[in-house]
Amino acid sequence: MNILIMGPAGSGKGTQSNYITENYPVKHISTGDMFRAAIAEGTELGKKAAEYMNQGLLVPDDITIHMTKERLAKDDCAEGYLLDGFPRTLAQATAFEEITQDRPIDIVINLVVTVDQLAPRIVNRRLCRNCGAIYNTVSLPPKKEGICDVCGSELYQRADDTLESLQTRMEEYREYTEPALEHFRHEGLVVDIDASLSPEEVWHQIDEALRSFNDQH
Ligand SMILES: [Zn+2]
């Protein structure tokens, strides 16, 4: 089973990807990890990607897509893969489909969440400077305000965890990623998941969708 999980930043892709890989025999592929591995291995594509990344530039789509093709051909993806946040534009989606016809995406998990639902998660998020623990001033507050329960260090708010940045990211998502989603929907691959619920409830919906896919194939 080859899975693509899509959703705006903050919709819980990381958490749900962990649930999926714990419960299904799929290899989680993130573009960040893939770039780092290809660079460490010194592959031709890795060298090309490094040239862009060293200059602080985005790696062009054709390099990313060919690197993904090479990555998906490895043994650990033989039973299936889980792509996380890529392809995320229409151009990437169609190019990806063209070169991975031997390992096509079977199902697209679409985490649906609105700006209003995301805002409290993002705006109230606080992180520990020292150990990276994550809090929410409303739903998951530390015992002592501004101080990490785990290690006692100071908590901080990320500079882009604001309503304004969230709105910008959501507009970009609508403009660039929704067309890719509509393309996959047209192919009958998309399952919409209500991602406004708790992580466990979201996982329950995803698990149902994956089970029902397995039953039908
Ligand atoms: Zn801490």
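Predicted model: local features only at pLDDT ≥ 70, side-chain atom pairs only at ≥ 80, totals over all residues.
**Entry 1: the parallel sheet**

I wrote down the terms first: helices (H or I, at least four residues) and strands (E, at least two) are DSSP runs numbered from the N terminus, and two strands pair if DSSP finds at least two bridges between them. In general, strands of a sheet pair through backbone hydrogen bonds, either parallel or antiparallel.

In what order do the 5 strands of the open sheet stand? I read the order as E2-E3-E1-E4-E8, with parallel pairing. Strand E2 (27–29) and strand E8 (190–194) are at the edges with a single partner strand each, so one side of each has no neighbour in the sheet. From one strand to the next the twist averages 20°; for angles, axes are lines fitted to C-alpha atoms, for helices over the stretch in contact, and the angles run from 0 to 180 degrees between N-to-C directions.

E2 and E3 run parallel and are joined by 3 bridges, with His28 opposite Leu82 in E3. E1 and E3 also pair in the parallel sense over 3 bridges, and here the partner of Ile5 is Asp84 in E3. Between E1 and E4 I found 4 bridges, again parallel, and between E4 (residues 107–112) and E8 there are 5, also parallel. In that last pair Asn110 has Asp192 of E8 as its bridge partner, and Leu111 stands opposite Ile193.

Helix H7 (residues 163–186) packs on this sheet, where it touches strand E1 (3–6), E4 and E8, and its direction makes about 145° with that of E1; contact means heavy atoms within 4.5 Å.

**Entry 2: what is covered**

For this entry, buried means under 20% relative accessible area, exposed over 50%, and partly exposed in between (1.4 Å probe, protein chains only). How many of the 6 residues of E4 are buried? I found 5, so E4 is largely enclosed by the rest of the structure.

Val108, in strand E4, is buried with a relative accessible area of 0%. Leaving aside neighbours within four places in sequence, Val108 is in contact with Leu4, Met6, Leu181, Phe184, Leu189, Val190 and Val191. Of these I looked at Val190 again: Val108 and Val190 are 82 residues apart in sequence, yet their C-alpha atoms are 4.6 Å apart in space.

In a regular strand the side chains alternate between the two faces of the sheet. Strand E3 (residues 81–84) has both faces covered, with Tyr81 and Leu83 buried on one side and Leu82 and Asp84 buried on the other.

**Entry 3: the antiparallel sheet**

Next I looked at an open sheet of 3 strands in the order E6-E5-E7, where the pairing is antiparallel. E5 and E6 are joined by 3 bridges, and Arg125 stands opposite Asn136 in E6. Helix H6 (residues 115–123) lies across E5 and E6 and runs at about 30° to E5.

**Entry 4: the zinc ion**

Which residues are the protein donors of the zinc ion? They are Cys128, Cys131, Cys148 and Cys151, each through SG, lying 2.3 Å from the ion. Donors are N, O and S atoms within 2.8 Å of the metal (3.2 Å for Na, K and Ca), and sites may look incomplete, because water is not among the atoms. The angles among the 4 donor atoms are 98 to 116°, and the site is tetrahedral; four donors count as tetrahedral if all angles lie between 85 and 135 degrees.

Along the chain the donors follow the spacing C-x2-C-x16-C-x2-C. Cys128 lies in strand E5 (residues 125–128) and Cys148 in the loop between strand E6 (134–136) and strand E7 (155–156), so the pair ties together parts that are 20 residues apart in sequence. Cys128 is buried, with a relative accessible area of 3%, and Cys148 counts as buried at 3%.

Definitions and conventions:
Residues numbered from 1 in each chain as written. Heavy atoms only, no water. Tetrahedral: all angles 85-135°; square planar, octahedral: opposite > 155°, others 65-115°.
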